[in-house]
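I am opening my notebook on this structure and will write down what I look up, entry by entry.

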Amino acid sequence: MGVAELLLVGVVILLGLCGVLVPGVLGSWLVWAAVLWWALKDPQPVSWGVLVGATAALLLSQVVRWALPPRRLRASGATPRMAVYAGTGALLGFLLLPVLGAIPGFMAGVYVHERLRLGRHAEAMASLRTAMRSGGSSVLTELFTCLLIAGAWLGATIWG
């Protein structure tokens with residue numbers, strides 16, 4: 001697989017990661033489709049392993065999401081700007097504290113947004129709890145899974 005095709009797969013994965021934060025967009029399946037495309041174009045054992053792992057992780061993520069409360073983020077006051085802060089926090093957390101840093105990064109992003117919007121720590125914490133109960137945990141589950149898949153793809157592409 002050439003460099004241009006790898007960059008295109010990376011762009012599709014990045015679009016899928018952004019799509020997870022947008023309601024109604026099937027971002028996780030876009031990430032999976034990009035990994036499938038990569039595995040079909042570059043049939044190596046490591047690419048098939050990443051595809052199988054991505055499929056299992058996404059199916060498990062869907063099961064966990066069905067067990068969580070339904071998304072009602074708009075009713076809780078979540079805005080698209082909050083999604084940007086949360087997504088940026090999750091990505092930075094994922095990079096700074098590999099893998100597990102995405103969870104506190106996501107919550108820190110929501111907190112920072114609410115602290116800037118509301119101005120007080122207590123109100124920002126209350127808003128963070130409301131956002132996480134209203135579907136933020138579902139978004140975090142899906143985003144964390146997609147970050148894991150993106151990391152596995154990037155690792156397999158660089159070192160595989």
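How much space lies in the second largest pocket? Keeping in mind that I am reading a predicted model, I note a value of about 290 Å³ for the second largest pocket. Its lining is made of 15 residues, and those closest to the centre of the pocket are L91, F94, A150, G151 and L154.

I next looked up where this lining comes from, and found that helix 1 (3-20), helix 5 (80-96) and helix 7 each give two or more residues to it. Helix 7 gives the most to the lining of this pocket, with 8 residues. When I sorted the lining residues by kind, I got 12 nonpolar, 3 polar and no charged.

My next entry is on the largest nonpolar core, which has 36 residues, and in which I13, V35 and F106 have the most contacts. At least two residues of this core are supplied by each of helix 1, helix 2 (27-41), helix 3 (45-67), helix 5, helix 6 (102-118) and helix 7, and again I find helix 7 giving the most, here with 14 residues.

I then followed I13 and, leaving aside its neighbours within four places in sequence, I listed its contacts as V31, A34, V35, A150 and W153. Of these, A150 is also among the residues closest to the centre of the second largest pocket.

Last, I turned to T145, which is found in helix 7 (residues 121-159). Is T145 buried or exposed? Its relative accessible area is 8%, and because buried means under 20%, T145 is buried. Not counting residues up to four places away in sequence, T145 touches A57, L58 and S61.

Definitions and conventions:
Residues are numbered from 1 along each chain as its sequence is written. This is a predicted model: local features need pLDDT of at least 70, side-chain atom pairs count only at pLDDT 80 or more; totals for chains, interfaces and linings use all residues. Side-chain values use heavy atoms; hydrogens and water are left out. Helices (H or I, at least four residues) and strands (E, at least two) are DSSP runs, numbered from the N terminus. Buried means under 20% relative accessible area, exposed over 50%, partly exposed in between (1.4 Å probe, protein chains only). Contact means heavy atoms within 4.5 Å. On a 1 Å grid over the protein atoms alone, a cavity is a set of points where a 1.4 Å probe fits but cannot get out, and a pocket is an open set with protein on both sides within 12 Å along at least five of seven lines; lining residues have an atom within 4 Å of a point. Grid points are joined across faces, edges and corners, and a volume is the space filled by probe spheres set on the points. Ala, Val, Leu, Ile, Met, Phe, Trp, Tyr, Cys and Pro count as nonpolar, Asp, Glu, Lys and Arg as charged, and the others, Gly among them, as polar. A nonpolar core is a set of buried Ala, Val, Leu, Ile, Met, Phe, Trp, Tyr and Cys residues joined through side-chain atoms within 4.5 Å.
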